[in-house]
Amino acid sequence: GYAVTNHHVAGDATWLSVTLSNKEIVDAKLIGADPLSDLAVIKLEPRADGQPYATAQWGDSDGLRVGETVLAMGSPFAFSQSVTAGIVSNTE
């Protein structure tokens, strides 16, 4: 149950929880954070029933081409399941 988020979201937190798409709230702990890349890794506490969390597969950034559409998904400011679209303008 690991998740990647932003450092500005979780990097200085003293307590973390994650709200899943089914409205389940799960406690989590900070594993590591990097303010320069604005990335953080958190670990979700295991479910009481032992069931695994849903996962997403990482894409392969080496295959990106200029002009392709990309998506950023999250819940900024507690907005449920926000999705932002963009276009790759540079692969360097």
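Visitor: Is Asp38 buried, partly exposed or exposed?

Guide: This is a predicted model, and its computed areas settle the point. Buried means under 20% relative accessible area, and exposed means over 50%. Asp38 has 25% relative accessibility, so it counts as partly exposed.

Visitor: Where does Asp38 lie?

Guide: Asp38 sits in the loop between β3 and β4. Those two strands form a hairpin, with 4 residues between them.

Visitor: What is the phi of Asp38?

Guide: Start with the general idea. Most residues other than glycine have a negative phi. Now the case here. Asp38 is not a glycine, yet its phi is positive, about 60°. Lys23 also has a positive phi, near 75°. Lys23 is found in the loop between β2 and β3. With a relative accessible area of 60%, Lys23 is exposed.

Visitor: How many helices and strands does the protein have?

Guide: Count 1 helix and 6 strands. Along the sequence they follow the pattern β-α-β-β-β-β-β. The C-alpha atoms fill a box of roughly 45 × 25 × 25 Å along the principal axes.

Visitor: Which strands pair with β4?

Guide: To read pairing, look at the bridges and the direction. β3, residues 25–34, is joined to β4 by 6 bridges, and the two run antiparallel. In that pairing, Asp34 has Leu39 of β4 as its bridge partner. β1 and β4 also pair in the antiparallel sense, over 4 bridges. There, Ala3 has Ile42 of β4 as its bridge partner.

Visitor: Which side chains of β4 are buried?

Guide: Follow the strand and watch the side chains alternate. Ala40, Ile42 and Leu44 point to one face and are buried. Take Val41, which is found in β4. Its relative accessibility is 31%, so Val41 counts as partly exposed. Across the protein's 92 residues, 15% count as buried.

Visitor: Which residues form a nonpolar patch on the surface?

Guide: Look for Tyr2, Val4, Ile31, Leu39, Val41 and Trp58. Together they have about 670 Å² of accessible area. β1 (2–5) and β4 (39–44) each supply at least two residues of this patch.

Visitor: What lies over the face of Tyr2?

Guide: To read such a contact, find the ring centre and then the charge. Lys43 lies over the face of Tyr2, at 4.8 Å from the ring centre. As for ring pairs, the count of aromatic pairs is 0.

Visitor: How many salt bridges are there?

Guide: The count comes to 2 salt bridges. For each, check the closest N and O atoms. Arg47 forms a salt bridge with Glu24, and those atoms are 2.9 Å apart. Glu24 has 26% relative accessibility, so it counts as partly exposed.

Visitor: Which residue forms a salt bridge with Arg65?

Guide: The partner is Glu68. Here the closest N and O atoms are 3.8 Å apart. Arg65 is exposed, because its relative accessible area is 54%. Glu68 counts as partly exposed, at 25% relative accessibility.

Technical notes
Residues numbered from 1 in each chain as written. Predicted model: local features only at pLDDT ≥ 70, side-chain atom pairs only at ≥ 80, totals over all residues. Heavy atoms only, no water. Phe/Tyr/Trp six-rings, centres within 6.5 Å; stacked < 30°, edge-to-face > 60°. Lys NZ or Arg CZ within 6 Å of the ring centre and 35° of its normal. Patch = residues over 30% accessible without salt bridge, like charges linked within 9 Å, V, L, I, M, F, W, Y side chains within 5 Å. Areas by Shrake-Rupley, 256 points an atom, 1.4 Å probe, with all protein chains shown as cover. Salt bridge = Lys/Arg side-chain N within 4 Å of Asp/Glu carboxyl O. Buried < 20%, exposed > 50% of the residue type's maximum accessible area, 1.4 Å probe, protein only. Pairing = 2+ DSSP bridges.
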